[in-house]
Amino acid sequence: AITYDNAGFFATAAYEVLTEEWLQAWGGRVTGYDLSDGVGGAGIITEDDSKWRVGLGWTGAGFTIGGIYESQSDVLGVSGFDVDRWQIQAGYAFGNNMVKASYGQESYDDIGEELIDDVDAWAVGFDHNLSKRTKAYVQYADRDVDSTSDVADLSGFSIGLVHKF
């Protein structure tokens with residue numbers, strides 16, 4: 001990964017690969033099965049899972065805005081299971097508080113498209129800084145899945161406290 005931050009502007013770029021061998025070892029520990037053999041000798045995991053990401057943003061005058069684009073190929077090592085994701089975020093800080101919101105989408109290609117057409121996700125939140133190192137927050141998130149299968153829509157509310165040591 002590489003990052004750049006200067007005069008309120010920031011940018012990131014990242015590339016990541018999970019190898020076929022790592023995925024098989026991890027998947028085998030999770031499931032208890034040898035995923036290299038698959039069903040009838042056809043391997044489930046046959047490729048490296050790779051992804052790249054770029055992000056841009058700006059912070060100033062109390063505002064923070066940003067965007068991220070990510071492309072992932074052969075998700076979890078399944079050949080042809082590809083997804084593209086993007087998300088925009090915005091926040092406004094005032095006093096010890098920040099309101100924030102985000103919206104994003106996922107689009108699946110090839111194999112993934114047979115199960116999930118698109119995913120829309122959004123979230124809104126509020127942070128309150130109790131001190132320089134401690135923050136309380138509340139957030140609501142919603143994920144709407146356009147699907148031909150039984151993939152469920154999800155939503156959730158969270159409340160928490162973050163303390164940096």
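A: In this predicted model, strand E1 (residues 2-6) and strand E2 (residues 9-18) run antiparallel and are joined by 5 bridges, with Tyr4 having Ala11 in E2 as its bridge partner. The two strands form a hairpin with 2 residues between them, and Ala7 in the turn has a positive phi of about 50°. E2 is also joined, by 10 bridges, to strand E3 (residues 49-60), again in an antiparallel arrangement, and here Tyr15 stands opposite Trp52.

Turning to the charged side chains, the count of salt bridges comes to 7. One of them is between Arg85 and Glu106, at 3.3 Å from N to O; because Arg85 lies in strand E5 and Glu106 in strand E6 (residues 97-110), this pair ties together parts that are 21 residues apart in sequence. Glu106 also forms a salt bridge with Arg143, where the closest N and O atoms are 3.3 Å apart, and this pair links distant parts of the chain, since Arg143 is in strand E8 (residues 134-147), 37 residues apart from Glu106 in strand E6. Glu106 counts as buried because its relative accessibility is 14%, under the 20% limit, whereas Arg85, at 22%, counts as partly exposed, as does Arg143 at 27%.

A further salt bridge joins Asp127 and Lys135 at 3.6 Å, N to O. Salt bridges that share partners join Arg53, Glu70, Arg85, Glu106 and Arg143 into one network.

Conventions
Residues numbered from 1 in each chain as written. Predicted model: local features only at pLDDT ≥ 70, side-chain atom pairs only at ≥ 80, totals over all residues. Heavy atoms only, no water. Pairing = 2+ DSSP bridges. Helix = DSSP H or I, 4+ residues; strand = E, 2+ residues; numbered from the N terminus. Salt bridge = Lys/Arg side-chain N within 4 Å of Asp/Glu carboxyl O. Buried < 20%, exposed > 50% of the residue type's maximum accessible area, 1.4 Å probe, protein only.
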